[in-house]
Amino acid sequence: MSEVLLEMKGVSVKFGGLTALSDIDYSITSRSLACIIGPNGAGKSTFLNVLTGTLRPSIGSVAFRGRDIGGLALHRISRLGIARKFQIPSVFPSLSVAENMDVARWGAAREPDETDVLEMVGLSARRDVKAADLSHGEKQWLEIGMAIAASPKLLLLDEPTAGMTSQETQATAALLHRLKRHTAIIAVEHDISFVRALDTDTLVLHQGRLFRRGPFSEIEADEAVRDVYLGRR
Ligand SMILES: Nc1ncnc2c1ncn2[C@@H]1O[C@H](COP(=O)(O)OP(=O)(O)OP(=O)(O)O)[C@@H](O)[C@H]1O
């Protein structure tokens, strides 16, 4: 049975007079895949920043695997198993795909092994190619693979398909479904074609509040969501 991995209770984040996140109650189990959408300024980055320890909640609690992580430093949260991949891929361009993986795996757990990870991210046939020669999408997949090599329990992704072709975007949706066998994933994304292809548990943030949560098919059909966000896409 899946355990509750992450639980946020009444989380608010305030910057002076501005409430960036407001009274968020949210939990996920291990090996789940969720997507966060919402208009600009809705609080999506703030949400991820609270989970990595970049920001502390002004009010409320965040528990990860039963442990309160609300005030912990970034490196301690990272050691507990929360990894984040930012929008711009940061791989070592002069190293091959396999060498980049070796760097990421240095000191990491043995599972999953490198061959499995490269297969999951669709780069088995590209293992000897220099990272500089990969397409933009392949670089993103390599970086996701490097994050997985450290065996995180929760992987946070900032707009993983930004700059990808539509084919790469679709492939990324399939890739994340493969990866959730190893780690829970929360992705923030603006590209609705990707969110539709992902077809998973979707959170809509609006003005710092958790406005809706449900399967994407329900979210897409929700008129209030269309009014605040999807109608503008
Ligand atoms: N460090 C900060 N200091 C002051 N205000 C901030 C800070 N970080 C975010 N905000 C404000 O908090 C609100 C939520 O911002 P956040 O970046 O979380 O939104 P977002 O949904 O990620 O937006 P986008 O889609 O544009 O990236 C915005 O009004 C933003 O201006």
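Select helix α3 (residues 97-105) and helix α5 (residues 136-149): they pack at an angle of about 30°, with axes 8 Å apart. Axes here are lines fitted to C-alpha atoms, for helices over the stretch in contact, and angles run from 0 to 180 degrees between N-to-C directions. That makes α3 roughly parallel to α5, a label for angles under 35 degrees. This is a predicted model, in which local features need pLDDT of at least 70, side-chain atom pairs count only at pLDDT 80 or more, and totals for chains, interfaces and linings use all residues. Residues are numbered from 1 along each chain as its sequence is written.

Next, show the side chains between these helices. Val-97, Asn-100, Met-101, Ala-104 and Arg-105 of α3 meet Leu-142, Gly-145, Met-146 and Ala-149 of α5 (C-beta atoms, placed from the backbone, within 7 Å). This contact has 6 nonpolar, 2 polar and 1 charged residues. Ala, Val, Leu, Ile, Met, Phe, Trp, Tyr, Cys and Pro count as nonpolar, Asp, Glu, Lys and Arg as charged, and the others, Gly among them, as polar.

Now select the ligand. Around the ligand are Phe-15, Leu-18, Ala-20, Gly-38, Asn-40, Gly-41, Ala-42, Gly-43, Lys-44, Ser-45 and Thr-46 (C-beta atom, placed from the backbone, within 6 Å). Two or more residues each come from β2 (18-29) and α1 (44-52), and α1 gives the largest share, 3 residues. The shell has 4 nonpolar, 6 polar and 1 charged residues.

Finally, show the whole protein chain, with its 9 helices and 10 strands (DSSP runs, numbered from the N terminus: helices H or I, at least four residues; strands E, at least two). Its C-alpha trace spans about 50 × 40 × 40 Å along the principal axes.

Conventions:
Angles under 35 degrees count as roughly parallel, over 145 as roughly antiparallel, 65 to 115 as roughly perpendicular and the rest as oblique. Two residues are in contact if their C-beta atoms, placed from the backbone, lie within 7 Å.
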